[in-house]
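Visitor: Please take me through the structure below, one topic at a time, and give the cut-offs behind each term as it comes up.

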Amino acid sequence: MNQEQLEALLARFTDRLGETLRAEHLDLRVGHQVGAGLVAAHLTSAEGLGRTVEVLQRHLLTHLGLDGEAVHERMSRLLAAVATGYARALRNRTLDEQESIRRAAMVARIQAEQALRESEARFRYQATHDSLTDLPNRSLFTERLASAMNRPGRHGRRLGVIFLDLDRFKVVNDTLGHQLGDQLLIQVAARLREAAGEHLVARLGGDEFVILVEATSGVDEVVRVAEAALAAVRRPINVEEHEITVTASGGIVERPTSATTPGDLMRAADITLHWAKSAGRARSMIFDPERNKRELARYALSAAMPAALERGEFYLDYQPLASLGDGSVLGVEALVRWRHPDLGVLRPDSFIGLAEETGLIVRLGEWVMAEACREAGNWSGPDGRSPFISVNLAVRQVHAAGLVDQVRALLERTGLPPQRLQLEITESTMMSSAAEPVHALRVLADLGVRIAIDDFGTGYSNLAYLRHLPVNELKLAGSFVTGLGNGGSGTDERILASLVSLAHALDLTVTAEGVETALQAERLRAIGCDAGQGWHFGRPAPPQRIVERLRCPS
């Protein structure tokens with residue numbers, strides 16, 4: 001209340017007290033009501049009641065023009081009633097406030113407990129379910145899988161897992177946006193749930209889903225579930241104003257519950273999913289333990305290669321490239337071997353592909369070139385002529401920066417003349433090389449290094465294109481040589497004759513690979529081929545055998 005309102009209220013209280021003092025019978029209830037009115041108006045400061053009694057006692061009777069012993073007695077009784085009403089009202093208000101506080105505290109506690117229960121429940125409809133699709137999440141799936149595998153009576157029971165992943169889902173996110181991608185995932189999840197029927201479908205994260213097929217009768221049942229799931233995903237999906245068609249790949253694992261663990265099962269499903277992706281996507285594949293065993297062995301070899309290179313487990317054998325005219329050794333090809341501590345000697349086809357996949361082929365190729373050049377520096381024939389050393393260059397080496405500087409430094413360090421180094425490059429590498437690698441090969445050719453095309457005839461086979469490349473020699477693929485002199489139709493011989501003729505027109509030397517018999521060597525000589533390489537001229541051998549042959553050509 002403002003001052004004016006307060007004064008009006010007190011004036012009303014004063015008038016009521018005055019009226020009852022003038023009345024024939026004193027009504028103490030008025031005093032009670034005025035005291036209660038003060039409390040109701042929140043006039044309850046520490047000095048409030050005392051000041052009220054003091055003011056009324058001093059001034060009210062004078063203000064009313066009343067006097068006498070009887071009037072003063074009535075006044076005392078009335079002031080006592082005011083005090084009593086004030087005290088009662090203050091007590092009652094205090095009790096009411098305390099009750100309100102108690103009730104409010106109780107309500108607050110109830111609401112807090114309810115909120116806690118709801119929060120815990122949400123933390124649990126969040127700890128076990130995916131917030132976007134409302135499918136069970138990885139945590140709940142793992143729990144269900146472990147429960148299914150550890151259930152009493154597990155022996156003799158089988159189960160299956162289907163690991164699904166959308167194909168090229170990143171393209172959807174990158175082109176149409178993540179919000180639309182999320183809407184697509186929601187619809188895919190709904191379709192998978194419908195297609196899987198009674199089987200548990202979970203979202204592991206991103207665009208990865210998994211289906212648990214419990215108590216299977218065999219792998220065929222799991223395959224049917226997987227096919228239904230992939231078919232459901234393939235149907236066009238309308239998202240906002242877009243019609244989107246996506247596919248999924250799946251990895252299937254089905255086995256007895258007693259023969260596996262949840263971790264092994266999921267790893268196998270993940271591996272199989274990658275097989276399906278590698279095979280072209282939009283398909284499912286079944287886990288193959290034999291394939292997995294082979295790939296694990298490949299991985300073990302791949303992981304062991306860097307340390308093997310450091311420990312010196314790789315070494316070189318050499319195979320002669322002989323003249324078809326007089327049989328003399330024109331060159332020697334370096335062939336890398338791996339002396340594996342557990343598996344014995346491994347040929348290049350066991351590990352070169354792995355080295356290319358991991359990128360170690362660059363380091364390995366550098367070592368092969370350096371070792372071959374070092375050993376070739378000690379070779380010379382009785383007539384003073386020395387064969388060239390031929391080294392294979394992998395695609396990564398051709399494209400690696402600094403190839404020219406590496407070769408130049410190697411030749412300077414070993415003292416090997418550039419003309420005695422031949423670099424063999426696959427036909428497909430040369431035909432697809434960008435300008436920079438071709439320029440590097442030109443620089444090397446200008447230094448005097450020989451450049452040869454290996455396995456010619458198995459790839460693009462564009463002889464006209466070779467006019468623009470710094471090539472000295474063609475090495476014809478052994479598949480052309482196999483049929484020579486074996487009573488064949490003569491087609492291979494005519495092809496070889498044409499290739500040799502065209503190569504000579506381009507001033508290229510021609511070496512035939514895979515020459516195993518004297519008859520094959522004779523036919524190659526007859527069609528004008530310059531050199532041959534194969535078991536007929538010598539098998540791959542250690543460097544000392546090459547030295548012995550150079551000293552004693554016969």
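Guide: Helices (H or I, at least four residues) and strands (E, at least two) are DSSP runs, numbered from the N terminus. This is a predicted model, in which local features need pLDDT of at least 70 and side-chain atom pairs count only at pLDDT 80 or more, while totals for chains, interfaces and linings use all residues. Residues are numbered from 1 along each chain as its sequence is written, and side-chain values use heavy atoms, with hydrogens and water left out.

Visitor: Which element gives the most to the lining of the largest pocket?

Guide: A pocket (1 Å grid over the protein atoms alone, 1.4 Å probe) is an open set of points with protein on both sides within 12 Å along at least five of seven lines, and lining residues have an atom within 4 Å of a point. Helices H11 (352-358), H12 and H13 (395-399) are among the elements that each supply at least two lining residues, as are strands S11 (388-392), S12 (421-426) and S13 (450-456). The largest contribution, 5 residues, comes from S9.

Visitor: What is the volume of the largest pocket?

Guide: Its lining has 35 residues, with Glu333, Leu335, Pro348, Asn392 and Asp454 nearest the centre. By residue class (nonpolar: Ala, Val, Leu, Ile, Met, Phe, Trp, Tyr, Cys, Pro; charged: Asp, Glu, Lys, Arg; polar: the others, Gly among them), the lining holds 15 nonpolar, 9 polar and 11 charged residues. With volume taken as the space filled by probe spheres set on grid points joined across faces, edges and corners, the largest pocket comes to about 900 Å³.

Visitor: Which element gives the largest share of the lining of the largest cavity?

Guide: A cavity is a set of points where the probe fits but cannot get out, and the largest one here has a volume of about 30 Å³. Its lining includes Leu164, Asp165, Leu166, Val188 and Phe209, and divides into 8 nonpolar residues, no polar ones and 1 charged. Strand S1 (158-166), helix H7 (178-196) and helix H8 (219-234) each supply at least two lining residues, and the largest share, 3 residues, belongs to S1.
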